[in-house]
Structure formats: C-alpha cells, structure tokens
Amino acid sequence: MSTPRLPRVSSLRALKHRDFAFLWGGAALSNIGTWMEVLALGVYVTKVTGRAEWTGGVAALTFLPAIVLSPLGGALGDRFDRRRAIGVGALIQMVLAGTLAALAFSGQLTVRWVAILSFLNGCAVTLFTPAFSAMIAVSVPKEDLHSALSLNSAQNNLGRICGPALGALVIAHADVAWALLLNALSFGAVLLSLTQVRATAAGKSADFGGLWAGIVQGIKVARADEGLTLALGGTLAIAVCIAPFTALAPVLAIQVFQLDAGATSVLVTAQGVGSLLAALSAGTLADRLGRGRLLEVTVLLIGPMAAAYWLSPSLPYAAVAVLGLGALYMLSLTGLATLCQARVGSELQARIASLSAMLLFVGFTLGVWLQGALADRLGIRLVTAGAALGFFVFAVLLRAFRSRGFAAFEV
C-alpha cells in the first residue's frame, strides 16, 4: 500500500488528516464571529468611555480567569473526553454571546454588562481551550505537529481578517447588536464539526488520580524540563510587553489618528493578514531553518517591529508595521507552543497547553491593563513602544547568556 503524498506546501500537510480538517474548519468559522464581537465591543467601549484604560481593562477581563482556572482546564482536558468538553464550552460561549446581543437589541447594553459577560466568557475559554489544544495535537502525527499548530493559528487569524471587516460593515450599516448576534450563531460551526470527529481522536487520557494531583504533576514536569521553562518564560514576556497591541488598536485608531471603527478594522485586519501569511509559510520556514532557529529569529525581531508600529506617523504606516508584527507574533507564539507540545506525551499535552495559556493570559491581562492605564497618563506611544523595546533588551540578554538560544532546544 503506497504512502499518501503530502501537499506540496509543507505548511498545509496537517489538513490531510480528517479529524484535524474538521476541527480546523469549525474553529475557523467560529473565529470569524469572535473577531466581529471583539471589534464591536472594542469600538463600543472606546466610544462610550473615551479612555484607553477602560478599553484595555474590559479586554483584559476575558483573560483574567486564566490566572486561577488554566491549570484546572488543563487537568480536565487530560482527564475527560475532549470532544464533549469542547462542545460544552461552545454551548456556554453561544449563550453568553446571545445574551450580549439580546442586551444590545433591547437597548440595555452597558459597559458593566460587557465587563461581566467578558469575564464569564473568559472563564469558559480558559476551562475548555486546553482540551481543544490537546485534541489538535493528537489529531496529527508528531511530524505534522508544527503544521497543525501553525494552521490552527492561521484559522484564528483568518477570523481576524474577515471578522473585523465584516464587523465594521455590519456596524456601519446596521448596529453593534447584529455583530454580536452573528457571533452567537457562529458557535454552531464548532458543534457541527465535532459531530464529524472520530472518537479515537478525542478519547480520554489515562487516569492520573485527582485533579489537584494532575495539576501538580504538570507543573513539576514543566519545572524539570529546561526547554519547557524557557518556552513558558518567553510566552509570559511576549504576553506582557507585546501582546497588548491586539487589544489597544481602537486607541491608536480613534484617539491617536482621530479616525473611526473603519480604521480600527484596517489595523486588526492587517495584523490578521500578516499572521495568516506567516502561518501558511511557517512549516516551510521551520523545515529550512529549524524550529529552534526560526523561533530565535522571530523573538529577536518582534520587539523592534512592535515599537515601529506604535510610533507610526499615520494609518498607512501603522497598517504595514502591524502586518509585520502580526507575522512575528504568530511565529513566536506558535514556535513556543510547538516546543511545549512536542516535549511531552499526549497524556500531558492539555496540562502543558494550559500552563502556556495561563502565562499568556496572565501576562496579557497585566500588560494590557498596565499599558492602558499608563497610556492615559504618559501617552500611548511612549508606553507601548517602551514596553516593546524592553522586550527586545530581554531577548538580546537571553541570546547573550544562552549561547545557542532557542536553537539549543530544537525538537
């Protein structure tokens, strides 16, 4: 029996696996709705409050639950049927998005309701995302893991491209409420895709005792492995210093450039285009340069690119800069995630994914709130560009003290 030929573009080869293809398609459609909601809520809060601190603070509430719940989500993802866990998570998010839409249609939507429901949505995302990450990892063989994680990032950024564009169109011709409703309906794509995934790709891992014992085991494994420790530390640093650019785009567009929701859509969409292009080429780049070397290069470049974005003199310059920033952001986080997943067995993948997600969410929550608060007092450009250059110093020092950098942890 002949071996199936891989697609000519190595970055796409994970799509030949049936379970991954269905998971990818459902998530891609759902993320379009998610990014419509992100744009709608960002514009709503910015216009109602006029403060970057509120825009960043409300966005941070989605990630705040990760401080407590991420390890629990990882333990649940390694203990219970992952397909069912993902389905429950999608249903909860559908209800929360539908509640936002109902409040908007009835004229009862307030910043307080946005904050409360964003926090509850963050709880659902935190508890059920590790199961999805682990399911992605087991839906492909190890040699296609980087391709799968890159394509998973690509579908998120496909949503980042299409969602804000559609969201801006809906807001301009209808209302915020319709963008929120479309997001609620989009979770149906996830539920439909799960019905097509074979149970073998979503089965339970071996029992590891109580949930707390499972959490502790995951932490011990991460601490004992130098490569995992380095990858998790890099994820935290990027989250604090770089990641807030994803939530503060409305501030740059509306307050700095004195433009509207359309300008916000341009910036978010440009970031998505950069990330998508990077995702489609990530597998090929990793094959040619090596995963460790590619990760090292992107970590060194992302700080200066982020600074260039925040110091852009006008929207066109910012759009070009954020395209490059989106590419580097995707390559950095995907490289770190691949390193984490490839260094452990399937019985630990949800827990390690949850630790990575926890540090990303915690760092983002701290970074977006702190940068937003300082921006109201010192100016958005000074604070955000300073944080980006601070990360660059961190990356250079890491490279200097570890002579082989991330390439030392090639997997």
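How much accessible surface does the protein have, and what share of it belongs to carbon and sulfur atoms? I looked this up to start: the accessible surface comes to about 16,800 Å², and 68% of it belongs to carbon and sulfur atoms. Accessible areas here come from the Shrake-Rupley method with a 1.4 Å probe, and for residues only the protein chains shown count as cover.

**Ground rules.** I am working from a predicted model, where local features need pLDDT of at least 70, side-chain atom pairs count only at pLDDT 80 or more, and totals for chains, interfaces and linings use all residues. Residues are numbered from 1 along each chain as its sequence is written, and side-chain values use heavy atoms, with hydrogens and water left out.

**Overall.** I get 15 helices and 0 strands; these are DSSP runs numbered from the N terminus (helices H or I, at least four residues; strands E, at least two). Of the 411 residues, 57% count as buried. Buried means under 20% relative accessible area, exposed over 50%, and partly exposed in between (1.4 Å probe, protein chains only). I also checked contacts (heavy atoms within 4.5 Å). Among those between residues at least 6 apart in sequence, 87% join residues at least 24 apart.

**Helix α1.** Residues 18-49 make up α1, 32 residues in total. From first C-alpha to last I read 46 Å, close to the expected 46 Å, the expected span being 1.5 Å times one less than the number of residues. G50 follows α1 and has a positive phi, near 70°.

I then picked Y44, which lies in α1. Is Y44 buried or exposed? Y44 counts as buried because its relative accessible area is 18%. Y44 touches L109, T110, V111 and V114, leaving aside residues up to four places away in sequence. Y44 and V111 sit 67 residues apart in sequence, yet their C-alphas are 8.3 Å apart in space.

**Aromatics.** Rings of Phe, Tyr and Trp (its six-membered ring) pair if their centres lie within 6.5 Å; planes under 30 degrees apart count as stacked, over 60 as edge-to-face and the rest as tilted. The count by this rule is 5 aromatic pairs. One of them is F245 with Y309, edge-to-face at 6.3 Å centre to centre with 75° between the planes. This pair links distant parts of the chain, 64 residues apart: F245 is in the loop between α9 (226-241) and α10 (249-256), and Y309 is in helix α12 (residues 291-310). F245 is buried at 2% relative accessibility, and Y309 is buried at 0%. I noted too that F245, Y309, W310 and Y329 form one aromatic cluster.

F391 and F394 are tilted, because their ring centres are 5.7 Å apart and their planes lie at 40°. They are 3 residues apart in helix α15 (residues 380-401), so about one helical turn separates them. F391 is buried at 1%, whereas F394 is partly exposed at 34%.

**Surface patch.** Which residues make the nonpolar surface patch? I listed L64, I67, V68, W113, I116, F119 and L120, for about 590 Å². Patch residues have over 30% relative accessible area and no salt bridge; like charges are joined within 9 Å, and nonpolar side chains (Val, Leu, Ile, Met, Phe, Trp, Tyr) within 5 Å. A salt bridge is a side-chain nitrogen of Lys or Arg within 4 Å of a carboxyl oxygen of Asp or Glu. L64 lies in the loop between α2 (52-61) and α3 and counts as partly exposed at 31% relative accessibility.
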